[in-house]
Amino acid sequence: MHVTLERWMVERLADALGVSVEEAERIARRRSVVRVMRWRSIVYFSLRKEAYGLREGTMIAVWPDGHRVVHGYPSIQRVLLPSIAIPKHFIDKVVVEEKMNGYNVRVVDLRGEIVAVTRGGLICPYTTARIRRMYGEKLRRLFDEQGEDLVVMGEVVGLENPYVRYYYPEAGGFAYFVFDMARGDKFIPPGERRELAEQYGLPHVPVLGVIDKNDIETFRKIIDDLERRGREGVVMKDPEYRVPALKFTTSFINIHDIEVGMRFPFDEGRSYLFSRILREMFKAIEEGWDDRRLLSEEQALGKAILEPAIESIKRVKEGGMLYEEFELVFGGREELEEFLDYMSALGVDVIVASVREQDGELRVKMRKVKDSWREILRILETGLSPID
Ligand code: ATP
Ligand code: MG
């Protein structure tokens, strides 16, 4: 996994960034802007922040005789007040797609190798292996017939992954839903992209409607339905991609995220709180909550903040640890080793809790220890707060 920088790698990086070889060398050695990684025989750089006109999460694969830039997935602006933002932002029609709650994966064909690239611009060996097993043949046909410059973008959802676990009845343990496609950095319009996905038999995120930008009533009906079904929200797109997409999430997921995050108050908890509270503050205004509704939302929010956090403190007090636990499925030992090497290259501490063989696959329970455990331990010992 550790890559020794060679001259040709730096030269290809220079080509891709449009800078001198000396400058590329400086950037590559500093590692605060780019990370150098290897997946099997493919050496690549990933951009840790926006630089040289390229978005964060851009990955640059290099070979002695060329390079390939896979652009980072753009950040999507969030809507707080739909009745104001939607008519102002869009031109006429709005494609309302479901926003699925998983992790963003760009699938690309790198000189014949189909790989899965995560939001940060890293080739995830686990996601690559699972996507290949499930959709390998369909993707092969898609790239062969539509061109290897195509980038397929989608959400991996389900419970069998190391990143974001959220149950979808239609997903099983692991599934991939396409929500965008691009050539280079040029996005294909939603309608055409959906047809391509269907043509090649790839699952696509649900399209919940194509509405007029002033039809807030229909928009609200769509959201109410998602609220009832416990789904995350929507991403709204112009039918021709003339303006960027916008996103909006349900109260259900806002509160749910807080509840799950606050099990680890010093990890996700801390970063989730204000952003989610902000969404609820403006929802109250947008929807004109009455006193009864306000009281019930206040109670739900308070419970989501305090209850899981107090549970965690009690667990630590009784000698327990705080960790995330998840089960991954591997094709064999080598795949498992490859994933563990990848985690350690990223400096992520994962512990293998159990390994079980089933139908020729390995089902592996893993744990990621959380900082919250150490923080809470220290508070219980000293009685002092780590923050003011
Ligand atoms: P950012 O704020 O930069 O967009 P984030 O990962 O924090 O990043 P999210 O709130 O999860 O943002 O919303 C954007 C993400 O939603 C996308 O990166 C993508 O992974 C996911 N997503 C799910 N469904 C869709 C969809 N239909 N269209 C576009 N993105 C979708
Ligand atoms: Mg997300």
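Two strands pair if DSSP finds at least two bridges between them. The views below show a predicted model.

**View 1. Strand S15 and its pairing with strand S17.** Eight bridges join S15 to S17, and the two strands run antiparallel. Within this pairing, Phe 330 stands opposite Leu 362 in S17. Strand S15 comprises residues 323-330, and six of its eight residues are buried, so the strand is largely enclosed by the rest of the structure.

**View 2. The largest nonpolar core.** This core has 69 residues. Those with the most contacts inside it are Val 107, Leu 110, Ile 131, Leu 139, Tyr 176 and Phe 330. Strand S10, formed by residues 175-183, gives the most to this core, with seven residues. Leu 139 touches Val 107, Ile 114, Ile 131 and Leu 202, when residues up to four places away in sequence are not counted. A second, separate core has 22 residues, including Val 10, Leu 17, Val 19 and Val 43. In soluble globular proteins, nonpolar side chains tend to be buried together.

**View 3. An open sheet of five strands.** The order of the strands is S5-S14-S13-S6-S12, and the pairing is mixed. At the edges stand strand S5 (77-78) and strand S12 (207-212); each has a single partner strand, so one side of each is left without a neighbour in the sheet. Inside this arrangement, strand S13 (residues 233-237) and strand S14 (residues 246-249) run antiparallel and are joined by four bridges. Val 234 has Phe 248 in S14 as its bridge partner. Helix H6, residues 216-228, packs on the sheet and touches strand S6 (93-99), S12, S13 and S14. The direction of H6 makes about 145 degrees with that of S13. Strands of a sheet pair through backbone hydrogen bonds, either parallel or antiparallel.

**View 4. The crossing of helices H7 and H9.** The axes of helix H7 (residues 251-261) and helix H9 (residues 291-317) come within 7 Å and cross at roughly 20 degrees. Angles under 35 degrees count as roughly parallel, and H7 and H9 are therefore roughly parallel to each other. Their crossing is right-handed. On the H7 side, the residues that take part are Ile 255, Ile 258 and Glu 259. These meet Ala 300, Leu 301, Ala 304, Ile 305 and Pro 308 in H9.

**View 5. Two loop residues with positive phi.** Most residues other than glycine have a negative phi. Arg 40, which is not a glycine, has a positive phi near 50 degrees. Arg 40 lies in the loop between strand S1 (34-39) and strand S2 (42-47), and counts as partly exposed at 48% relative accessibility. Asp 359 is likewise not a glycine, and its phi is positive, at about 50 degrees. The loop that holds Asp 359 lies between strand S16 (350-358) and strand S17 (361-369). Exposed means over 50% relative accessible area, so Asp 359, at 73% relative accessibility, counts as exposed.

**View 6. Arg 183 and its surroundings.** Arg 183 lies in strand S10 and is partly exposed, with a relative accessible area of 31%. Leaving aside neighbours within four places in sequence, Arg 183 is in contact with Gln 146, Asp 149 and Leu 150. Arg 183 and Leu 306 are 123 residues apart in sequence, and their C-alpha atoms are 46 Å apart in space.

Technical notes. Residues are numbered from 1 along each chain as its sequence is written. Chains are lettered from A and ligands numbered from 1 in the order in which they are written. This is a predicted model: local features need pLDDT of at least 70, side-chain atom pairs count only at pLDDT 80 or more; totals for chains, interfaces and linings use all residues. Side-chain values use heavy atoms; hydrogens and water are left out. A nonpolar core is a set of buried Ala, Val, Leu, Ile, Met, Phe, Trp, Tyr and Cys residues joined through side-chain atoms within 4.5 Å. Buried means under 20% relative accessible area, exposed over 50%, partly exposed in between (1.4 Å probe, protein chains only). Contact means heavy atoms within 4.5 Å. Axes are lines fitted to C-alpha atoms, for helices over the stretch in contact, and angles run from 0 to 180 degrees between N-to-C directions. Angles under 35 degrees count as roughly parallel, over 145 as roughly antiparallel, 65 to 115 as roughly perpendicular and the rest as oblique. A crossing is left-handed if the near helix is turned anticlockwise from the far one by less than a right angle, and right-handed if clockwise.
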